[in-house]
Amino acid sequence: MKGKKRFTIGALRIIGVCALVALLIGALAFLEKDRSVHPAQMIFVGTKDDADCAILLSNGACVVIDTGEAQDAEHILAILREQKIEKIDCLVLTHPDKDHIGGAPALLDAVPVEMVVCPYYNKDNTPYRDLQEKLEELGVSQLIPSRDRVLVFGDLELQIWPPEDFYYEKDNDYSIAVLVEHGEVNLFFAGDAQKQRLQELEQREFPEIDLYKVAYHGRDSSRSAQLIRQINPEFAVVTAKEPLGETAKALEEVSAQVLCTLGQDYFIESNGNTLELKRPSTSEP
């Protein structure tokens, strides 16, 4: 009887272990399935001069990062209409220069915007002050992060990395950086980060970057080149006619496919694993 009892207890233990393993496998399979994402579209808007605007569309949500200059607003709105976008869930304004916020007032007047993310900025800047008044007038929710934040829109996870100081000599160094994750695909936006801000970003731990919106329009900068070598992107978006100097050399070294948005729209699709350039538009913005 004792031997039979030991056998029964042993069998029950084996059955219990097998059941636990099965539950773990099921849980892992569920989590893997839960990580699946719908395709997302990234539109890098062609601007008339060196200026930034990206539209990210995912599972019914719309995120816009920067708005070009005032002269670019009509073209941005035309793309939003083409994509049947009726509201912007999140508008990220990386810093207060006119080539990043200039189109914002027209967008705010034409399309409902759920929230705006922008950096803390304590200088006297007329366009930025006017924009703040417009946001207050429209009652748009505004997030001015003092620490890293994570925001989710559709299948896009936005990691918001604000500047680490409260004062910078150069306005470009106030740039918020945004890491966008779509499944296994990662996009990184550095605004117009220059030396001081780039030094901060170099201390970050980056995942594998599939697309990088190159800092400061791809202008010549050894510090910008250093970050490019660090993150080694597959695609690099330059919001100018071409990258210059050390920046251009670094992009060539890492074999990045360079997309220049001066007068040229780019449509890119992510399936959550890879990026595909769908159709560049040759129409004038």
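Helices (H or I, at least four residues) and strands (E, at least two) are taken as DSSP runs, numbered from the N terminus. The model is a predicted one, in which local features need pLDDT of at least 70 and side-chain atom pairs count only at pLDDT 80 or more, while totals for chains, interfaces and linings use all residues. Residues are numbered from 1 along each chain as its sequence is written, and side-chain values use heavy atoms, with hydrogens and water left out.

The protein contains eight helices and 15 strands. Of its 285 residues, 51% are buried, where buried means under 20% relative accessible area, exposed over 50% and partly exposed in between (1.4 Å probe, protein chains only). The accessible surface amounts to about 14200 Å², and carbon and sulfur atoms contribute 51% of this area; the areas come from the Shrake-Rupley method with a 1.4 Å probe, and for residues only the protein chains shown count as cover. Among contacts with a separation of 6 or more, 59% join residues 24 or more positions apart, contact being defined as heavy atoms within 4.5 Å.

D66 lies in the loop between β3 and α2 (73–82). Its phi is positive, about 70 degrees, although D66 is not a glycine. With a relative accessibility of 2%, D66 counts as buried. N59 is located in the loop between β2 and β3 (61–65) and likewise is a residue other than glycine with a positive phi, near 50 degrees. The relative accessibility of N59 is 45%, so this residue counts as partly exposed.

D52 occupies the loop between β1 (40–44) and β2 (54–58). Its relative accessibility is 3%, and D52 therefore counts as buried. Apart from neighbours within four places in sequence, D52 contacts I65, D66, T67, G68, D99, H100, G191, K213, H217 and T239. D52 and A240 are separated by 188 residues in sequence, yet their C-alpha atoms are 9.0 Å apart in space.

Two helix pairs, both involving α7, were described by their packing geometry. Axes are lines fitted to C-alpha atoms, for helices over the stretch in contact, and angles run from 0 to 180 degrees between N-to-C directions. Helix α6 (residues 195–202) packs with α7 at an angle of about 20 degrees, and their axes are 9 Å apart. This angle makes α6 roughly parallel to α7; angles under 35 degrees count as roughly parallel, over 145 as roughly antiparallel, 65 to 115 as roughly perpendicular and the rest as oblique. The crossing of α6 and α7 is left-handed, a term used if the near helix is turned anticlockwise from the far one by less than a right angle, with right-handed used if clockwise. In this contact, K195, L198, Q199 and E202 of α6 meet R223, S224, Q226, L227 and Q230 of α7. By class, these comprise two nonpolar, four polar and three charged residues (Ala, Val, Leu, Ile, Met, Phe, Trp, Tyr, Cys and Pro count as nonpolar, Asp, Glu, Lys and Arg as charged, and the others, Gly among them, as polar).

Helix α7 (residues 222–231) also packs with helix α8 (residues 245–253), at an angle of about 15 degrees and with the axes 8 Å apart. The two helices are therefore roughly parallel to each other, and α7 passes α8 in a right-handed crossing. The contact brings S222, S224, A225, I228 and R229 of α7 against E246, T247, A250, L251 and E253 of α8. Four nonpolar, three polar and three charged residues make up this contact.
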